[in-house]
Amino acid sequence: MSGRNGPLGPKGLREIHWGDPVAAAHAVLDEHLGPRTEIARNPHRSQAWAKDLVRAPGLLEPVQAAIGPDVAVENTFLVIKWPGQDFEVPWHQDGIDDRIELDPQRSVSAWLALTNAPPGSGCLYVVPCSQRRGYLPYHLEDDTGASRGRAQAADVPDGLVGTPLTCTAGQGVLMDVRLLHRSGSNRVRGVRIGLSIRYVTPEGIQMRDGSTPKVDPVSGTGW
Ligand SMILES: O=C(O)CCC(=O)C(=O)O
């Protein structure tokens, strides 16, 4: 299960069906009526729908199968892409930035489709097997970018397209925290809502800025 491949095997990703998206999508749309594209950090700390979602059995079971029974959420990141706006998330790896470094054997990242995410909707693009190269050099996206200060992989070949991960609402993907991925702008008619979640186990997180880790345990007894 481990080694250079990481806990999700050679491709570094696993498609999942996490559950019923209807309640979560309605709750998000009640707050984010559009048409402006928005991001919200850590909704699992304040929103009932997100607290429930990070514990959904259809999600937790594959997460625990990958990294073990003691699981906490390190952060969540909600992206609501309304059509017709430029909003791209550049190539990056979820497990590293100036603040943290996640142990790839003891962490996993999830991306969940709360609405359909067909081709052209701003779905994720991934580079399967890229986790095998480990953490790559990065720089921080400037304040004007969609990622607002998040790490952006440096030295990615020009024109790298990646493999589109199209999902229907209720599907998603678990990713190795070293897997290179990005997303594009939404050019279809409907809104595209996605929730990213970083799961860690005890000792799976190292702070690079000297701060104390802040995690929200969701399962197990090791906390
Ligand atoms: O939802 C998106 O478009 C991209 C999210 C993402 O890549 C992330 O949060 O790491």
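Let's start at glutamate 203, which sits in the loop between β13 and β14 (205–207). Helices and strands here are DSSP runs, H or I of at least four residues for helices and E of at least two for strands, numbered from the N terminus. Phi of glutamate 203 is near 70 degrees, a positive value in a residue other than glycine. Most residues other than glycine have a negative phi, and most peptide bonds are trans. Glutamate 203 is exposed, because its relative accessible area is 65%; exposed means over 50%, buried under 20%, and partly exposed in between, with a 1.4 Å probe and protein chains only.

A word on the model before we go on. It is a predicted one, where local features need pLDDT of at least 70, side-chain atom pairs count only at pLDDT 80 or more, and totals for chains, interfaces and linings use all residues. Residues are numbered from 1 along each chain as its sequence is written, and side-chain values use heavy atoms, with hydrogens and water left out.

Two other backbone spots are worth a look. Asparagine 42, in the loop between β2 and α2 (48–53), also has a positive phi, near 55 degrees. Then there is a cis peptide bond between glycine 34 and proline 35, with omega about 0 degrees; proline 35 belongs to the loop between α1 (22–31) and β2 (38–41).

Back to β13, residues 192–200, where we find arginine 198. Is arginine 198 buried or exposed? It counts as buried, because its relative accessibility is 7%. Leaving out residues up to four places away in sequence, arginine 198 touches a list of residues including Glu74, Asp94, Asp97 and Arg99, where contact means heavy atoms within 4.5 Å.

Asp94 brings us to the ligand. Which residues come nearest to the ligand? Of the 13 around it, they are His92, Asp94, Ser183, Arg192 and Ser196, a residue being near if one of its heavy atoms lies within 4 Å. Now the polar contacts, meaning pairs of N or O atoms within 3.5 Å; within protein, one must be able to donate a hydrogen and the other to accept it, and residues adjacent in sequence count only if both atoms are side-chain atoms. A ligand oxygen is 2.6 Å from an N or O atom in the side chain of serine 183, and for the side chain of aspartate 94 the distance is 2.8 Å. Histidine 181 has a polar side-chain atom 3.3 Å from a ligand oxygen. The protein covers 99% of the 290 Å² of accessible area that the ligand has on its own, by the Shrake-Rupley method with a 1.4 Å probe; for residues, only the protein chains shown count as cover.

On to the sheet. It is open, with 4 strands in the order β4-β12-β7-β10 and antiparallel pairing; strands pair if DSSP finds at least two bridges between them. β4 (89–92) and β10 (163–165) stand at the edges with a single partner each, so one side of each has no neighbour in the sheet. β7 (residues 124–126) pairs with β12 over 3 bridges, and tyrosine 125 has arginine 182 of β12 as its bridge partner.

Last stop: aspartate 176, in the loop between β11 (171–175) and β12 (181–183). Aspartate 176 counts as buried because its relative accessibility is 2%. A polar atom of its side chain lies 2.9 Å from the backbone nitrogen of arginine 178.
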